[in-house]
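Here is a short report on one model. Look at the sequence and the fold before reading on.

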Amino acid sequence: MAVDQELLEILACPICKEEVKLIPLTDQRRTVVRDKYREKFRGEEPVVEQGLQCVKCRRVYPVVSDIPVMLVDEAFDDA
Ligand SMILES: [Zn+2]
């Protein structure tokens, strides 16, 4: 399970338009994100291990089952 490298290079923070870097999420954050997305995945367990952190504002966007969720409302302040 990994985010495609070419996709990573074109992703940007929607607020700053700066690049984002893959970082591991803490167990606590993984649980919170997994619980939040479970109902949207219709019974399939979402895989949550990493996030994408903006190099400028440090916001972290979750990666759910290899899908980067680059939405301001879904971002959090730390991993
Ligand atoms: Zn940013």
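Which residues of β3 lie on one side and which on the other, and are they buried or exposed?

## The covered strand

This model is predicted. In β3, Val 60, Pro 62 and Val 64 lie on one side. Tyr 61 and Val 63 lie on the other. All of them are buried, and both faces of β3 are covered. In a regular strand, side chains alternate between the two faces of the sheet.

Five of the five residues of β3 are buried, so the strand is largely enclosed by the rest of the structure.

## The sheet

Four strands make an open sheet, in the order β1-β2-β3-β4. The pairing is antiparallel. At the edges are β1 (20-24) and β4 (67-68), and each pairs on one side only. α2 packs on the sheet and touches β2 and β3. The direction of α2 makes about 105 degrees with that of β2.

Five bridges join β1 to β2. Pro 24 has Gln 50 in β2 as its bridge partner. Four bridges join β2 to β3. Here Gly 51 is partnered by Pro 62 in β3. β3 and β4 pair over two bridges. Val 63 has Pro 68 in β4 as its bridge partner.

## Two hairpins

β2 and β3 form a hairpin with five residues between them. In that turn, Arg 58 has a positive phi of about 70 degrees. β3 and β4 form a hairpin with two residues between them. Ser 65 sits in that turn, with a positive phi of about 50 degrees.

## The nonpolar core

The largest nonpolar core has 13 residues. Val 20, Val 33, Val 48, Leu 52, Val 60, Tyr 61 and Val 64 touch the most other members. α2 (27-38), β2 (48-54) and β3 (60-64) each give two or more residues to this core. The largest share, four residues, comes from β3. In soluble globular proteins, nonpolar side chains tend to be buried together.

What does Tyr 61 touch, not counting residues up to four places away in sequence? The list is Val 20, Gly 51, Leu 52, Pro 68, Val 69, Met 70, Glu 74 and Ala 75.

## Glu 19

Glu 19 is in the loop between α1 (5-10) and β1. Leaving aside neighbours within four places in sequence, Glu 19 is in contact with Ala 12 and Val 55. The C-alpha atoms of Glu 19 and Val 60 are separated by 12 Å, and these residues are 41 residues apart along the chain.

Why is Glu 19 classed as partly exposed? It has 16 other C-beta atoms within 10 Å, whereas a buried residue needs 20 or more and an exposed one has 12 or fewer.

Terms used
Residues are numbered from 1 along each chain as its sequence is written. This is a predicted model: local features need pLDDT of at least 70, side-chain atom pairs count only at pLDDT 80 or more; totals for chains, interfaces and linings use all residues. A nonpolar core is a set of buried Ala, Val, Leu, Ile, Met, Phe, Trp, Tyr and Cys residues joined through C-beta atoms within 7 Å. Two residues are in contact if their C-beta atoms, placed from the backbone, lie within 7 Å. Two strands pair if DSSP finds at least two bridges between them. Axes are lines fitted to C-alpha atoms, for helices over the stretch in contact, and angles run from 0 to 180 degrees between N-to-C directions.
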